Amino acid sequence: MARPTPTAEEVLIQVEAAGLCRSDLHVADARQGDLPYRIPFTLGHEVAGRVVERGPLARGPAVGERVVVYGPWGCGSCARCAVGAENYCDRRPALDADRVGTGAGLGRDGGMADLMLVPSGRLLVPVGDLAAEQAAPLSDAGLTAYHAVATVRHALSDDTPDACVVVLGIGGLGHLAVQILRATTTAQVLAMDVREEALALADECGAHFGTLLGPDTAATLRDRTGGVGAVAVLDFVGSSSSLRPAVDVLRPGGELAVVGSGGGELAVRKPGALPPGTRISLPFWGTLPELEEVVALARKGVLKVGVERFALSNAPEAMARLRTGDVRGRAVLIPD
């Protein structure tokens, strides 16, 4: 394949690492027409690398600088994009309708390659000497977890040091959410998962308590909260089996952030199963300023991604292991 030549604001980076996400599986498994993208395109929306060439109008990091790529690419000019919230671009529905792709590896060529062309330097965040396999997952796993925590942080202030927050699903995102909660709040962090090894990872990341998901899980966690329930629940699974205990452990006036795309559904009605005063959010990715904050945490050493490295040529093996849940933390592909 010929080396791309950046034009206008474009920036060419040499890929050093690309994280592998369940979203990649959803895209790869989708039937033609199911997703609002034209094919073919290269997967990979968690990308770290080095700037090797810039277009004549490019801004941002210089040639030679090491960066992580911000994944959700908006129009770049609407009110939300202007403040770095391209994940909530006002023109995203129109971009989807035009099938032009709305991000790295999502209709536009991503980073599972040796080289990657980025539309603008505004989408690059410098990472300094942070290891590439640590930097790449920050652009989705780290950023999405950080954004989810940010949506509930107002309920976890220093004025409520006894507040409890439940993290459901200690995988590629959940293990980072535990670390982010410990680093940025005073809350007691309670972890739930269906795997013993995931709970061990939660413990390594600083969770105060962990329990396997089962019929009595909600009651067990309520006991840990003194009987009042959790101030917030971050559900990184989003399935029917996860949403039930998520609702059961939530206290009145609590925050439920559904991050995972497991296909579960909630009935919202009054009266109903949801505790009174419940606020529900559906966080999607995160903002550019938040990615800068995530990178800063990682460079300070308070945020560490659990990774399994695979050669880029072994991407099929990595995807197969991800399908079966046999990856501890995040799978990261390294160009051969």
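**Helix 8**

I took contact as heavy atoms within 4.5 Å, and helices (H or I, at least four residues) and strands (E, at least two) as DSSP runs numbered from the N terminus.

I note that this is a predicted model, in which local features need pLDDT of at least 70 and side-chain atom pairs count only at pLDDT 80 or more, while totals for chains, interfaces and linings use all residues. Residues are numbered from 1 along each chain as its sequence is written, and side-chain values use heavy atoms, with hydrogens and water left out.

I then looked up which residues of helix 8 (residues 217-224) are buried, and found Thr217, Ala218 and Leu221. They cover an arc of only 95° around the axis, taken from the directions from the axis to the C-beta atoms, and this puts them on the same side of helix 8. An α-helix has 3.6 residues a turn, so residues three or four places apart point the same way. Just after helix 8, I found Gly226 with a positive phi of about 80°.

**Helix 1 and helix 11**

I next checked helix 1 (residues 22-29) against helix 11 (residues 315-323), whose axes come within 10 Å and cross at roughly 105°; the axes are lines fitted to C-alpha atoms over the stretch in contact, with angles running from 0 to 180 degrees between N-to-C directions. The two helices are therefore roughly perpendicular to each other, a label given to angles of 65 to 115 degrees. On helix 1 the contact is made by Arg22, Asp24, Leu25, Ala28 and Asp29, and on helix 11 by Met319, Leu322 and Arg323.

**Aromatic pairs**

I searched for rings of Phe, Tyr and Trp (its six-membered ring) with centres within 6.5 Å, where planes over 60 degrees apart count as edge-to-face, and the count came to two aromatic pairs. Tyr37 and Phe41 form an edge-to-face pair, with ring centres 5.8 Å apart and planes at 85°. Phe284 and Trp285 are also edge-to-face, with centres 5.8 Å apart and planes at 80°. Tyr37 is buried at 13% relative accessibility, as is Phe41 at 17%. Trp285 is buried at 6%, whereas Phe284, at 36%, is partly exposed, the class between buried and exposed (over 50%).

**Val83**

Last, I located Val83 in the loop between helix 2 (79-82) and helix 3 (92-98), where Val83 is exposed at 59% relative accessible area. Val83 and Pro289 lie 206 residues apart in sequence, yet 8.4 Å apart in space, C-alpha to C-alpha.

Notes
Parallel < 35°, antiparallel > 145°, perpendicular 65-115°, else oblique. Buried < 20%, exposed > 50% of the residue type's maximum accessible area, 1.4 Å probe, protein only. Phe/Tyr/Trp six-rings, centres within 6.5 Å; stacked < 30°, edge-to-face > 60°.
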